[in-house]
Amino acid sequence: MLAIPGFVDPHTHIPFYGERSEEFALRAAGKSYVEILKSGGGIYSTVKKVRGVSIDALVIENTKYLEWMLKSGVTSLECKSGYGLDFKNELKQLRAIKKLSEKVPQTLISTFLGAHAVPPKGEKAYFTELIDMMKVIKSESLAEFVDVFCDEGAFSVESSFELLKLAKNMGFKIRAHAEELSSNGFASKAAELGAVSVDHIIKIKDEEISTLKKYGTIALLMPTTSFYLKTAYAPARKLIDNGVPVALGSDFNPGSNTFYSPLFVSHLAVNHLGMTPTEALTAQTLNAACVLGIENEVGTIETGKNADIVILDAPRLEYISYMPTNEIVKAVFKNGKLVTANE
Ligand SMILES: [Zn+2]
């Protein structure tokens, strides 16, 4: 058996509601994004479903996903809004995260991603609403982070920069979905602004890598999404070799990736990102904890930290990425207490 620190997933889109398997099958059959949108798919189909349910329904549905994650060894994770896209429903999602954190054994860190997509009212009108939301979120301590989706078809570089700047001044920690679809330079802009992490960065330009290193920004990579969407993988090796700290997450969400297991993330990191099994484990535990600001409590097994420990039926570390099935997770301890066991 192998004892490792509990996995930390620093990037998920929990809580969401409903599923998009029809869209998945259409995309696999070669349908374009526009055709999928016309048939009722895309992010707005999840927004519609989230808007249509109560906070309690959101909590029940997402408790299930958190149980699945616990069984795969995830003891701390990030949750975020972003499927409400209006005042009432963004706050509903954040309040659901608060309720979930009282219900499940895991540590949940909350992020406000109101700027996940531009609603029909347009970027300018919505920007004002986002600021109003941030004031309430801050006063009720509903989120630690503010995140923005800065890319083609999402928020512009200018608005994203302004929003994160305002968020930082309001006392939020900041992070960004950056350069997943296009090279717009936002990863280095967010780094200069003090973002804790820049997430995805598949299309990051070589010259931006030194900026990330300079500011100590963590590159948060999610090979599951590349695998799911059959797109390119982030330049993990180049980032590590240039001294940029790398963390790994799942990006678990109903549209662009439904893989949540850290064991599978480890497999993809080793097999497709060129990371060593040791680098992958560090990226999924200590470095991931650094993204969420909980590195003094979790992320390693050592005196003074919480005993978040996963017992694996594995003869050696390399086995995690080699045999990425939940069946090897034999026991999960949160704070020294056994929370799930697989006989
Ligand atoms: Zn994401």
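**Entry 1: Asn335**

I began at Asn335, which is partly exposed, with 15 other C-beta atoms within 10 Å. I noted that the model is a predicted one, and then I looked up the place of Asn335, which is in the loop between strand S11 (residues 329–334) and strand S12 (residues 337–341).

Ser141 sits in the loop between H6 and strand S5 (residues 145–150), and I recorded it as exposed because it has 10 C-beta neighbours inside 10 Å.

In the loop between S2 and helix H1 (residues 21–28) I found Pro15. The peptide bond that joins Ile14 and Pro15 is cis, with omega at about 5 degrees.

**Entry 2: the whole protein**

The C-alpha trace spans about 55 × 45 × 45 Å along its principal axes. For 343 residues a compact globule would have a radius of gyration near 20 Å, and the 19 Å of the protein agrees with that. I also noted that 52% of the 343 residues count as buried, and that, among contacts between residues at least 6 apart in sequence, 71% join residues at least 24 apart.

**Entry 3: H5 against H6**

I followed the helices in chain order, starting with helix H5 (residues 87–103), whose axis comes within 10 Å of the axis of H6 and crosses it at roughly 35 degrees. The crossing of H5 and H6 is right-handed. On the H5 side I listed Phe87, Glu90, Leu91 and Leu94, and on the H6 side Glu129, Asp132, Met133, Val136 and Ile137. By class, these residues divide into six nonpolar, no polar and three charged. The spacing made me recall that an α-helix has 3.6 residues a turn, so residues three or four places apart point the same way.

**Entry 4: H6 against H7**

Helix H6 (residues 123–139) also packs with H7, at an angle of about 15 degrees and with the axes 11 Å apart. That angle makes H6 roughly parallel to H7, and H6 passes H7 in a right-handed crossing. Here I found Glu123, Phe127, Leu130, Ile131 and Met134 of H6 meeting Ser159, Leu163, Leu166 and Ala167 of H7. The residues of the contact of H6 with H7 comprise seven nonpolar, one polar and one charged.

**Entry 5: H7 against H8**

Helix H7 (residues 157–169) in turn meets helix H8 (residues 186–193), the axes coming within 10 Å and crossing at roughly 20 degrees. I therefore put down H7 and H8 as roughly parallel to each other, with a right-handed crossing. From H7 the contact takes in Val157, Ser160, Phe161, Leu164, Lys165 and Lys168, and from H8 it takes in Phe186, Lys189, Ala190 and Leu193. I sorted the residues of the contact of H7 with H8 by class and recorded six nonpolar, one polar and three charged.

I next asked how many of the ten residues of helix H12 (residues 262–271) are buried. Eight are, so H12 is largely enclosed by the rest of the structure. The buried residues are Pro262, Leu263, Val265, Ser266, His267, Leu268, Ala269 and Val270. These buried residues pack against the strands S2 (residues 7–9), S3 (residues 74–80) and S9 (residues 246–248), and also against the helices H10 (residues 223–229), H13 (residues 277–284) and H15 (residues 319–322).

In strand S9 I picked out Ala247, which counts as buried with 27 C-beta neighbours inside 10 Å. Leaving aside its neighbours within four places in sequence, I found Ala247 in contact with Pro10, Ser197, Ile218, Leu220, Ala283, Asn287, Ala288 and Val291. Arg95 lies 152 residues from Ala247 along the chain, and the C-alpha atoms of the two are separated by 27 Å.

I ended at Asp56 in helix H4 (residues 55–71). Asp56 is exposed, with 10 other C-beta atoms within 10 Å. Between Asp56 and Leu100, which are 44 residues apart along the chain, I noted a C-alpha separation of 9.8 Å.

Key: Residues are numbered from 1 along each chain as its sequence is written. This is a predicted model: local features need pLDDT of at least 70, side-chain atom pairs count only at pLDDT 80 or more; totals for chains, interfaces and linings use all residues. The radius of gyration is taken over C-alpha atoms; the globule rule is 2.2 Å times the number of residues to the power 0.38. A residue is buried if 20 or more other C-beta atoms lie within 10 Å of its own, exposed if 12 or fewer, and partly exposed in between; C-beta atoms are placed from the backbone. Two residues are in contact if their C-beta atoms, placed from the backbone, lie within 7 Å. Axes are lines fitted to C-alpha atoms, for helices over the stretch in contact, and angles run from 0 to 180 degrees between N-to-C directions. Helices (H or I, at least four residues) and strands (E, at least two) are DSSP runs, numbered from the N terminus. Angles under 35 degrees count as roughly parallel, over 145 as roughly antiparallel, 65 to 115 as roughly perpendicular and the rest as oblique. A crossing is left-handed if the near helix is turned anticlockwise from the far one by less than a right angle, and right-handed if clockwise. Ala, Val, Leu, Ile, Met, Phe, Trp, Tyr, Cys and Pro count as nonpolar, Asp, Glu, Lys and Arg as charged, and the others, Gly among them, as polar.
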